[in-house]
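Please look over the sequence and the structure shown here. The paragraphs below lead through them.

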Amino acid sequence: MKLTRREFSAGLAAGLAAPALMRSAWAQGATIKIGMCVPVTGPAAEQGLWAQNGAKLALAAVNKAGGVLGRQVELVIEDDQTTNPGIVLAFSKLAAQSDIVAFLGSIRSTQVQAMAPDVIKVGKPVMIGGTNPDLTHSGNPWLFRFRPNDNYSGRVIADFGVTTLGKKKWAIVHSTDAFGTAGGKALTEALTKLGAPPVLDQGYANQSQDFTPVVLAVKQSGADVLGTYFTFENDLGIFARQLRQLGVNIPWVGSPSVVAVSSTKLAGPALFGTYGVADFAEDSSDTAKAFGKAYRDAYKTAPDNQSAWPYDAITILSAAINKAGSTDPNKIRDAILATQKFAGAEGEYNFDKNGDGLHGYNVVKNDKGKIVYDKHIDFND
Amino acid sequence: MSASDNMIPAPAVRSKPLIIRHLPYFIGAAVLVALAAGMQFDGYILNILLQATTFSIAVFGLSVVLGLCGQINLAQAAFFGFGAYAVGLGTADLHLNFWLCLVGGCAITLVAGAVLGMSTLRLGGHYLAMVTISFQQIVTLVMINAIWLTHGPDGVANIRRPELFQSSQSYLAFCVAMLAIVGYLVWHLPDTKLGRAMRAVRDNELAAGVNGIDVFRTKVSAFGLCALLGGLAGGLFAGGFAYVSPDQFSFAESIQFLTMSLLGGVASPIGSVIGTGLLILIPEWLRFLKSVPGLYLAIYGLSVILIIRFMPDGIWGFVSDAFTRMRAHSKAPPVAGALQLKPATSGGDVVLEVTGLSKHFGGLKAVDGVDIAVKRGSVHALIGPNGSGKTTTLNVLSGLYKATSGKIVLDGTDITNMAPHQRTAAGLGRTFQNIRLFRSMTALENVEIGAERPGNTMIGKGDDALTERAMEALTFVGLGSRANELISSFSYGHQRLIEIARALASNPTLLLLDEPAAGLNSTEKLELHELLKRIAAQGLTILIIDHDMTLVSEAAQHITVLNFGRRIADGESMAVLRHPDVVSAYLGSE
Amino acid sequence: MDLVLQLLFTGIGIGAVYALVALGFVLIFRATNVVNFAQGEFSMVAAYLMVVCVELGLPYWLSFVIALAGMALLGVIFNLGVYYPLRHRTYLPVIIATIGASILLSNSVLAIYGPQPQVLQGWFDTPGIQLGPVYLDSQYLLIIGVTILLVLFNFWFFEKTLLGKKLQATSQDKEMASLLGISVSTMIMITFIYSAVLGGLAGILVAPVLFVSIQMGSTIALKAFAATIIGGFGDVAGAIVGGLALGVIETFGAAYISVPYKDGFAFLVLIAFLVFRPQGIFGERVAEKA
């Protein structure tokens, strides 16, 4: 027993060390390394691919412009399998490489929460796309958000629906995962503040095959406007189709997934005329347009927020390291927090003390399958 | 059978205390703990080791419930989650002490496992699979949706560790120590009374029941124990990773635990550790293939198929088999003294009194109002043509079937409504027509289970006394020298003798033999006859069912004849065999 | 009332999907006593085959034939690679091997085709018809129709044809069947082919409604598995009834009790059945004959 255990642990050590040796041999070039945890497998593998695309696009631009601190920048990617244990391992694997100076974390809030204890231990900056407000408000100094958090999406959806569309009877449909629950709560709060508390607040479980009961609940609630937080585009596509089939045609303002590329493709005409808040809208600014063009040239498809935030993250992180003049984590942190009025693809970055870079959303409209920019709503508080 | 005659009686060899025999294990474990505490790991390896260590403990649970007891559990991740949430919510929300939460979590999972087990373990394998899957799904839904309790999909963050083990490294060492301790207990479990009962239940539930094992309670214990280990592992996991969320405890994780268990080898805790380690490491090793999404998980899936295909008993089973083959044959068993049979007696003249016994299957009256009275110290035979209801009668007597009506009194105790194991405790021993031994065990272990009968007055305290009694019984039937061989290496006739030895070791008040001569050749039949004489000589009452008229007429003093479920004759042997109704029942009436 | 009718239609529609996949579970279970955890992946693979063929510009019906032929081939490979080598072992190793196969299949498709979900056009051009207050989705109508046809086909096949009777005999008693000169391994091979084709059929039919994604198989399979249990393992009619019952139960449960707990109703009903009335769905004798 003793012998076997020893042999086993020796094997384990060897097994773990082998890839590490390969890695260090391969990493002799004097590059600056940025780690990236991204779903390569699992339910969000598709989005993961876009995130990699966006990051690589920014990386190419940075390197073309001379790199960072005079060195080329290299992206080290690990698969987080779209799961929480997966990202914990992926991140700790990256963090074990001491020459990685900063990281790109996940767009999924629970994953960020899962990796957060390790982030504090590592003590290096991590750029995130998760939109749960708590992430940057719970005392972790190393998380920097490159998307507006859910407080803003809820407020923008409410503001646009109530003020611009003039609708007061709201039905809210949200997924029961962390993203949907937090979003639904934020929207409810914002609506209540505007004097239009929702008439229906309906959660659903991800990967549902059928939304008839949800649609009928919306129909019966007598709502004249629909606000949604959908996590997966598949679910959104099924819901949208059934909504139209059962004759619900009220205005619809939703979270970014409503105007995501794959939702538009999957749901087709069912999403025509809907509004979505989008942290990324191609027509919202010149920077966004430029990013859109570059992305199309490189990958032949339209970009969306999944690829825009990593693009901005790499761009701003590189600029910050250059400004800091060093790869010291604290100096990088200060430089990121000092980033103000920076025009990114997602919007204008004004970092606050919590590490939130963006404070508003674009509203875009699905105009017969084309996503068109409608307006930008920003908040100062 | 002559071997027993010239065997020199000698006391069984006393074994050294376990703690000393297993000293190398503890030294090895201590070294591992020291390594875990002392070596400088980076965060990645630390996380992998922590995950492997805690998962292994959960997989130990499966090696108990599945490997030892043969019951399936597809909800281990749910129990793992119970433990994790107990520690998570307890330390993060309620600010309770870590140890308190860990113990509380274990208690909750133990109760949950036992209750779930009690509700379904009376039913068989596939039912259990279904109920555990359902339980798993419901637990996941509650974790996600009962936000007031579990924080829902956000999960629980800021889980605390005990003051003593604040650093990750020391916490890992603590977990490795727990792994070593729990691993030791699980490793040792098969040799305890409960462990033997579990193995007996796995090998043959019916035989386990009639050998005095409470099958239901054994299964519930195994299930509760499995859940408990899951909960313990979950608690340790929560402390290690400081964050838990529902997706870590889903059905997919339960399947993963099961795969780990079967891949490593379900029979041993070493297998659990190997399986767990591999399933965590394989995807990590294959990460270099990540440029093609899905490729490395596809290879992982393929390796699962290949390992199962080429290593039927898991990796550890494969390794230990090869090891066993290389080693010489098992050591010689200790020499034993003569078997003493002292059937209990309440003083009455009749040991077994059956009155008006009936067993109906729907419209079929398999046994219909049968009376039997077996005199103390006699050999009594129950005979009848095929389909006359003999074996049904025996099964009603031993409790495998419930009597439709009638009364069975054993040595003054009414056993009509008792479960099989309770009847065994009351003093009933039996053998089966189609032999029911515990196939994965040695002859000695089989007989030990018989000797362990509750209420057996013939054994002293401790494992050594048990072994001594079992050796005596095996020697009595002439197989003492082969005690440490597996059942599969014995001939059919010898297996029958082992089954008789198993019943004798329990020192029964009445021995039921179901067609003991079936399938034996003429020499073996002769030996069996001799054996019955020697048993009867010690005053044990025997009720025998057989077709073999020579055996019955020579061995039995008293015969009861059944036909079409009714008693057609009863009395002194020779007289009964000449009874015209009996003759026509056997030869067919004109 | 309108609401009830609409819910009933969707419940039966989605239930028919579960039933189709459940049928594949049951056939394999009856023949081999093993739960095939890769059954859902059969549906997913078939849907992708269909998408590939349609993208290549082949006519819909031809793509359909090719996809099902591909599934038959997959059934053969699956039997030879996963089940056959383990046929003399207990059910557990086989279950684990099917789990391995499920991981292998889904990730192979991911590796080959990439993670983007795909759209597959339905069989009909019109999306559905409005019948009074109830909207009938044309694809669901098709699925319900196919399910009814399959029930009739299975009845005819297993009760009236020699091959069907041989399959029946094999699933009931392998020893007896081989004594009668039936090749048991051929029968099991046919069962796997048939199950793979059935699973594939379900995948192709459901793809226009649920879209084509790597996960589509596993999500339906779990429900179909529950349906199989509710209907009684090992009973073809039970799989259909179980699937439909599950679809209706969860749709109404979602509408009238709770949407987030929708997936739980099936399992609650299941546990209640198993604990309080196991013989009600199975009628199987619990005691083993001594």
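**Helices, domains and chain contacts**

In chain C, helix α9 (residues 216-231) packs with helix α10 (residues 236-256) at an angle of about 120°, their axes lying 7 Å apart. Helices here are DSSP runs of H or I with at least four residues, strands are runs of E with at least two, and both are numbered from the N terminus. Axes are lines fitted to C-alpha atoms, for helices over the stretch in contact, and angles run from 0 to 180 degrees between N-to-C directions. The angle makes α9(C) oblique to α10(C); angles under 35 degrees count as roughly parallel, over 145 as roughly antiparallel, 65 to 115 as roughly perpendicular and the rest as oblique. The crossing of α9(C) past α10(C) is right-handed. A crossing is called right-handed if the near helix is turned clockwise from the far one by less than a right angle, and left-handed if anticlockwise.

This is a predicted model, in which local features need pLDDT of at least 70 and side-chain atom pairs count only at pLDDT 80 or more, while totals for chains, interfaces and linings use all residues. Residues are numbered from 1 along each chain as its sequence is written, and chains are lettered from A and ligands numbered from 1 in the order in which they are written.

Which residues of α9(C) and α10(C) make the contact? On α9(C) they are C:Lys223, C:Ala224, C:Ala226, C:Ala227, C:Thr228, C:Ile230 and C:Gly231, and on α10(C) they are C:Gly238, C:Ala239, C:Val241, C:Gly242, C:Gly243, C:Ala245 and C:Leu246. Two residues are in contact if their C-beta atoms, placed from the backbone, lie within 7 Å. By class, the contact of α9(C) with α10(C) has eight nonpolar, five polar and one charged residues. Ala, Val, Leu, Ile, Met, Phe, Trp, Tyr, Cys and Pro count as nonpolar, Asp, Glu, Lys and Arg as charged, and the others, Gly among them, as polar.

Helix α10(C) also packs with a helix of chain A. The axes of α7(A) (residues 212-221) and α10(C) come within 8 Å and cross at roughly 30°, which makes α7(A) roughly parallel to α10(C). This crossing is right-handed. A:Thr212, A:Pro213 and A:Leu216 in α7(A) meet C:Thr251, C:Ala254 and C:Ala255 in α10(C). Four residues of this contact are nonpolar, two are polar and none is charged.

Chain A holds 12 helices and 14 strands. Its radius of gyration is 22 Å, close to the 21 Å that the globule rule gives for 381 residues, so chain A is as compact as a globular protein of that length. The radius is taken over C-alpha atoms, and the globule rule is 2.2 Å times the number of residues to the power 0.38. Along the principal axes, the C-alpha atoms of chain A fill a box of roughly 65 × 55 × 40 Å.

Chain A is divided into domain 1 (30-148 + 285-349) and domain 2 (150-278 + 363-378), with bounds from an automatic or database domain assignment. The C-alpha centres of these two domains lie 28 Å apart. In the contact between them, 12 residues of domain 1 of chain A meet 13 residues of domain 2 of chain A. The domain 1 side has four nonpolar, six polar and two charged residues.

Where does chain A touch chain B? The contact takes 37 residues from chain A and 36 residues from chain B. Among the elements giving two or more residues to the chain A side are α3 (84-95) and α4 (109-122) of chain A. With 10 residues, α1(A) gives the most to that side. The chain A side has 17 nonpolar, 11 polar and nine charged residues.

Chain B also touches chain C, with 34 residues of chain B in contact with 35 residues of chain C. The elements that give two or more residues to the chain B side are α5 (98-120), α6 (125-145), α12 (251-264) and α14 (295-310) of chain B. The largest share, 10 residues, comes from α14(B). By class, this side of chain B has 22 nonpolar, 11 polar and one charged residues.

Within chain B, helix α3 (residues 43-68) and α12(B) pack at an angle of about 70°, with axes 9 Å apart. That makes α3(B) roughly perpendicular to α12(B).
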